[in-house]
Every structure is written in structure tokens, then in C-alpha cells.
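Hi,

Here is the structure I promised to pass on. Have a look at it first, and my notes follow below.

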Amino acid sequence: MTHFTLSSTSAGHGVTLYTLRNAHDMRVVISNRGATLISWWAQDRYGREADVLLGYPDQQGYLANTPYFGGVIGRWGNRIAAGRFVLDGVDYQLDRNEGDNHLHGGSGGFHLLPWQVQADPEGLRMTLASPHGAAGFPGNVLASVLYRLDDEGWLSIDYTATSDAPTPLNLTSHGYFNLNGGVDDICDHILSIDADRYLQVDRALIPNKAAEVAGSAFDFRQPAPIGARLAWPDAQLGIAGGFDHCYCLRPGDPATTSRSRNVQALRDVATVYDPGSGRELTVATTENGLQFYSGNFLEGIAGRGAQAYAAHDGFCLEAQAYPDQVNGPDREDVILRPGQVYRQTTAYRLSVRA
């Protein structure tokens, strides 16, 4: 069951805020700029309500949104090495906005653009037309996201897209979570990820090989506190300043799709539990990769609290294809061609342990 109400902001800048509300008064607030998750209000085990998403105190901050708070990321979530790829014999140079690399769609990514709202009986649907040449990508792409909130606390994000020319596409949501509502950092949060391998990175944070999680700080097959793992003497943690790595999720059943890539059926892939509040976040996705980011570069960003954010004040679990996959052996799996439909579903559930 989904309850949809509409409200508007007085902050200007052409922004409208939309609220999804379920029968338990759980509320998710979404902006039409970047189809951005602004707030998620939910109760803890004591009935106290808090916002479990990080973000800016007003809409001014979202004009640049350098941390990508809550935005839909496109055309490419994560990094592409040197901002280059070859497709059907043509060499493409993309916007390079992180050193030599392309990151999260470039300087004019989907998270900064105005999305159009369309009526949908299931929830909040937003669409975006991305023109040929945007950030250097080929093809005119029409993307759509549908947000749905049910009475069990599942926030589902259904992505679809089409293109009139072959183009790489890898969409994700970049919400920063803190299940204690921001009263402390995330170090006490207990994380589990259903993955036996992760992608190690070089100093530019480009994956260079897959590694087993066993025996490393990256082994979350059994629940473990994030803070304790951040303290491990692991060279990969030193390179990234914490966790900023993609996990190779265990496969589920194959899903029927008209897209070329190997999309899995929706399955649970991760959980995060905050012992203080009792809130638990479950992540389900159809994707093969899950980027775990421990908020390494939040230091000094002015957020909603009296104090600026600090490192590890929030975490992201971004379901996606593998970083730089467009330059790897499985590149064809991330190419959207005319006549195909890109489909992806990722869902986050907030619940409370007694």
C-alpha cells in the first residue's frame, strides 16, 4: 500500500518536494532536482522519529551537491578510467571530473538535472531526457525512476531507460544513511554483505582485480561493526581512506529482461543494524555489484546539524554494475542498444528490532 502526497518547497530554484507516506506515517521526501532522496523519517524502537538520510539544510546545497547526497546517478554510476571507452570501434572521451577519471555522470550528471514528474498510481514516477553528447556519451537516452513505499517499510526504486544509439548505462541511487538519525557516526552500525569477492582498486580508485573477502577487512559475510573494520591495517582501506569498494554479489536466479546484460532476480544482498536505535536497513537488488562507501570524504560538509559532517557520519550502499566495466571483458553487459530496455530494481527496507 502506498500513500502519495505532494508538497512544495519555499526554497525556490525551481524545486518541488514530493512525499511518499505509508500507513505507519513513515515518510520519504524526494526532490525533482536529480530525483533526489532528501529525507526518510522513521521511528526507532522507542517510537522516536528521526531522519536517517544525510543531506543539506536547504535546497541551495543541492545546486552543486558535490557529495551526491541522495541523487540518482547517471549516465554512469561510479568511475570510468581516464573517462574513455571504445564502443563499436569508436573511441569516446567523457567529461573528466575526478582527476583523469569520469565519476557519476560528470559535472552535469543526472543528480543535478530537473526531472519531470508523471502521474503513476503506484508511487512517484520521474523521467529525464538526456541528449546525445551529454558528458560525452552517445545516444539520446530517456530514463525513468519509480519510487514506491509500502506498509512494510520497503522503498523500491525501479529504473528503466531506452536509447536511440548504443551507449553505456549504469544507474544507481546515492543515498547516505545514518540509522541513529545523526546523533553519532556509523562506526557502531553492524553490516553484512552477501558477497565472497570484492574489487580491489588502484590509487585512482579504479578496480584492478577481484579478491576474496576471506581473511580481510572486507569480509562482511557475517555481521560485523563498521568501525572495527575501518581500524584494520589493510592497504586497500589506506588507499580509499576507508571503504569505497564494489562487492561482487552472489548471483540470484536470472531475471527475464529485454536488455543484454545478465540481470538477476531481486534478492536481499545486505543488511545494516544500529544497536542504539534498533533500526535495521535491508538492501535488495537485481544488480551484480554493490558499492559500499563509508563516507570517507564527508569532513567539513555543512549538513543539517549544528556541526559540519565528519568522516564516517554516513554510509552508502549503491547497487550497480561494476566500476569501469565498460572497459572490461564484460563491457557488452553494460551497453544499452536501440530496441532494448534497461531495467533495474533496488529496494531499501527500514524496520525495527525490539
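Leaving aside its neighbours within four places in sequence, which residues is Ser-294 in contact with? They are Ile-186, Leu-230, Gly-242, Phe-243, His-312 and Gly-314, where contact means heavy atoms within 4.5 Å. Ser-294 lies in the loop between strand E24 (289–293) and strand E25 (316–320). Its relative accessible area is 0%, so Ser-294 is buried. For that word the cut-offs are under 20% relative accessible area for buried, over 50% for exposed, and partly exposed in between, with a 1.4 Å probe and protein chains only.

Some ground rules before the rest. This is a predicted model, in which local features need pLDDT of at least 70 and side-chain atom pairs count only at pLDDT 80 or more, while totals for chains, interfaces and linings use all residues. Residues are numbered from 1 along each chain as its sequence is written, and side-chain values use heavy atoms, with hydrogens and water left out.

**The chain as a whole**

The chain has two helices and 27 strands; these are DSSP runs numbered from the N terminus, helices being H or I with at least four residues and strands E with at least two. Its radius of gyration is 19 Å, close to the 20 Å that the globule rule gives for 354 residues, so the chain is as compact as a globular protein of that length. That radius is taken over C-alpha atoms, and the rule is 2.2 Å times the number of residues to the power 0.38. Along the principal axes, the C-alpha atoms fill a box of roughly 60 × 50 × 40 Å.

Of the 354 residues, 57% count as buried. If you take the contacts between residues at least 6 apart in sequence, 63% of them join residues at least 24 apart. The chain exposes about 13700 Å², with carbon and sulfur atoms supplying 50% of that; the areas come from the Shrake-Rupley method with a 1.4 Å probe. As for charge, there are 27 positive and 39 negative ones, and their mean positions are 2 Å apart. Lys and Arg count as positive and Asp and Glu as negative, leaving out His and the chain ends, and each charge is placed at NZ of Lys, CZ of Arg, CG of Asp or CD of Glu.

**Aromatic rings**

A search of the whole structure turned up 18 aromatic pairs. In one of them, Phe-177 and Tyr-348 have ring centres 5.4 Å apart and planes at 40°, so the pair is tilted. This pair links distant parts of the chain: Phe-177 is in the loop between strand E16 (172–173) and strand E17 (190–193), and Tyr-348 is in strand E27 (residues 342–352), 171 residues apart. Both residues are buried. Rings of Phe, Tyr and Trp (its six-membered ring) pair if their centres lie within 6.5 Å; planes under 30 degrees apart are stacked, over 60 edge-to-face, and the rest tilted. There is also an aromatic cluster made of Tyr-56, Tyr-62, Phe-69, Tyr-176, Tyr-293, Phe-297 and Tyr-309.

Most residues other than glycine have a negative phi, and most peptide bonds are trans. Here, the bond from Gly-74 to Arg-75 is cis, with omega near 0°. Arg-75 sits in the loop between strand E6 (72–73) and strand E7 (79–80). Ala-82 has a positive phi, near 60°, and is found in the loop between E7 and strand E8 (84–87). With a relative accessible area of 30%, Ala-82 is partly exposed. Phi of Ala-135 is near 60° too; that residue is in the loop between strand E12 (124–130) and strand E13 (141–149). Ala-135 counts as partly exposed, at 26% relative accessibility.

Ser-156 lies in strand E14 (residues 154–163) and counts as buried at 14% relative accessibility. Beyond four places in sequence, Ser-156 is in contact with Leu-146, Tyr-147, Arg-148, Thr-346 and Ala-347.

Ser-39 is in strand E4 (residues 36–43) and is buried, with a relative accessible area of 8%. Not counting residues up to four places away, Ser-39 touches Arg-27, Val-28, Val-29, Asp-51, Leu-53 and Arg-304.

Leu-113, in the loop between strand E10 (102–103) and strand E11 (116–118), is partly exposed at 28%.

Cheers
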